[in-house]
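Hi,

Here is the structure I promised to pass on. Have a look at it first, and then read my notes below.

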Amino acid sequence: MAECRVEKNLKRCNCSWEPCERKGICCECLAYHWSHRELPACFFPDDIEKTYNRSLEKFIEIYRNKK
Ligand code: SF4
């Protein structure tokens with residue numbers, strides 16, 4: 001059985017939303033946001049992450065023209 005790497009995950013988590021019980025538990029974070037047609041904080045640059053707009057539309061807007 002794979003162990004959850006919460007501590008390791010938290011070191012690279014850029015999410016500024018507090019508190020959140022899913023922080024560091026990436027599988028739950030992804031499932032939660034995807035159920036709302038959103039993506040987790042770490043899919044967004046820090047300045048956008050702070051707006052808490054985690055929508056798929058925002059993600060596409062940001063990365064549409066990036067290589
Ligand atoms: S991205 Fe969302 S679910 Fe994930 S830690 Fe931040 S607030 Fe919680």
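Predicted model: local features only at pLDDT ≥ 70, side-chain atom pairs only at ≥ 80, totals over all residues.

Let's start with the ligand. You'll find it sitting in the largest pocket. The residues around the ligand are C15, W17, C20, R22, K23, C29, H33, A41 and R54. Sorted by class, that shell has five nonpolar residues, three charged ones and one polar one.

Next, have a look at helix α4, which spans residues 56-63. Which of its residues are buried? They are L56, K58 and I62. Looking down the axis of α4, you'd see these buried residues fall within an arc of 160°, so they line one face of the helix. As a reminder, an α-helix has 3.6 residues a turn, so residues three or four places apart point the same way. And what covers the buried residues of α4? The cover includes α2 (26-35) and α3 (46-49).

Last stop: N9, which has its place in helix α1 (residues 6-11). Is N9 buried or exposed? Its relative accessibility is 12%, and buried means under 20%, so N9 counts as buried. Leaving out residues up to four places away in sequence, N9 touches G24 and C26.

Cheers

Technical notes. Residues numbered from 1 in each chain as written. Heavy atoms only, no water. Buried < 20%, exposed > 50% of the residue type's maximum accessible area, 1.4 Å probe, protein only. Helix = DSSP H or I, 4+ residues; strand = E, 2+ residues; numbered from the N terminus. Arc of directions from axis to C-beta. Contact = heavy atoms within 4.5 Å. Near = heavy atom within 4 Å. 1 Å grid on protein atoms, 1.4 Å probe; cavity = no way out; pocket = protein on both sides within 12 Å on 5 of 7 lines; lining within 4 Å. Sits in = over half its atoms within 2 Å of the grid points. Nonpolar A, V, L, I, M, F, W, Y, C, P; charged D, E, K, R; others polar.
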